[in-house]
Amino acid sequence: MAIVKVIEIMASSEKSFEDATNNALKEAAKTVKNIKSIYVKDMNGKVEGNQIVSYGVTTKVSFVVSH
C-alpha cells in the first residue's frame, strides 16, 4: 500500500489558466519528488479595463511518500 500526500498550491500567470497550472507544478517540483497528479480546485482571473490581466489557479498536487 502506498502513502500519498496532497498539498495545495496557488499559482498565477499573465498568459492562461494552463500556464498558471504549469507554474504550480513547476514550483511544487522544486521541493517535492514522486508527483503523481495535479487537480485544479479553483480558477480565477484579475480584470482591468474589461480585460483579463492575470489568471490564477488553486491546485492540489498528489505525491507518493512511501510504498
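This is a predicted model: local features need pLDDT of at least 70, side-chain atom pairs count only at pLDDT 80 or more; totals for chains, interfaces and linings use all residues.

A: E8 counts as partly exposed, at 46% relative accessibility. Residues are numbered from 1 along each chain as its sequence is written, and side-chain values use heavy atoms, with hydrogens and water left out.

Now look at the partner of E8. E8 forms a salt bridge with K41. The closest N and O atoms are 2.9 Å apart. A salt bridge here is a side-chain nitrogen of Lys or Arg within 4 Å of a carboxyl oxygen of Asp or Glu. Side chains of opposite charge can pair when their charged atoms come close. K41 is partly exposed too, at 44% relative accessibility. E8 lies in strand β1 and K41 in strand β2, so this pair ties together parts that are 33 residues apart in sequence. Helices (H or I, at least four residues) and strands (E, at least two) are DSSP runs, numbered from the N terminus.

What lies between these strands? Three strands form an open sheet, in the order β1-β3-β2. The pairing is antiparallel. Two strands pair if DSSP finds at least two bridges between them. β1 (3-13) and β2 (35-48) are the edge strands, and each pairs on one side only. On average, neighbouring strands of this sheet are turned by 15° against each other, direction ignored.

Take the β1 side. β1 pairs with strand β3 (residues 51-66) over 11 bridges, in the antiparallel sense. E8 has K60 as its bridge partner in β3. I3 stands opposite S66, which is also in β3.

Take the β2 side. β2 and β3 pair over 12 bridges, again in the antiparallel sense. N44 faces G56 of β3 there. β2 and β3 form a hairpin, with two residues between them. G49 is in the turn and has a positive phi of about 60°.

Next comes T58, whose place is in strand β3. T58 counts as buried, because its relative accessibility is 9%. Leave aside its neighbours within four places in sequence. T58 is then in contact with E8, I9, M10, Y39, V40, K41 and D42. Contact means heavy atoms within 4.5 Å. Both E8 and K41 are in that list.

A helix belongs in the picture as well. Helix α1 (residues 17-29) lies across β1, β2 and β3. The helix runs at about 130° to β1. Axes are lines fitted to C-alpha atoms, for helices over the stretch in contact, and angles run from 0 to 180 degrees between N-to-C directions.

Which residues does T21 of this helix touch? T21 lies in helix α1. I38, V40 and V57 are its contacts, not counting residues up to four places away in sequence. T21 is buried, at 16% relative accessibility. V40 is also one of the contacts of T58.

A search of the whole structure finds one aromatic pair. The rings of F17 and Y55 have their centres 5.0 Å apart and their planes at 80°, so the pair is edge-to-face. F17 is in helix α1 and Y55 in strand β3, 38 residues apart, and the pair links distant parts of the chain. Rings of Phe, Tyr and Trp (its six-membered ring) pair if their centres lie within 6.5 Å; planes under 30 degrees apart count as stacked, over 60 as edge-to-face and the rest as tilted. Y55 counts as buried at 17% relative accessibility, whereas F17 is partly exposed at 27%.

Finally, back to charges. The structure holds three salt bridges. One of them joins E27 and K30, at 3.2 Å from N to O. E27 is partly exposed, with a relative accessible area of 45%, while K30 counts as exposed at 59%. Another joins E48 and K46, at 3.5 Å from N to O. E48 is partly exposed, at 45% relative accessibility. The pair of E8 and K41, where this tour began, has its closest N and O atoms 2.9 Å apart.

Conventions:
Buried means under 20% relative accessible area, exposed over 50%, partly exposed in between (1.4 Å probe, protein chains only).
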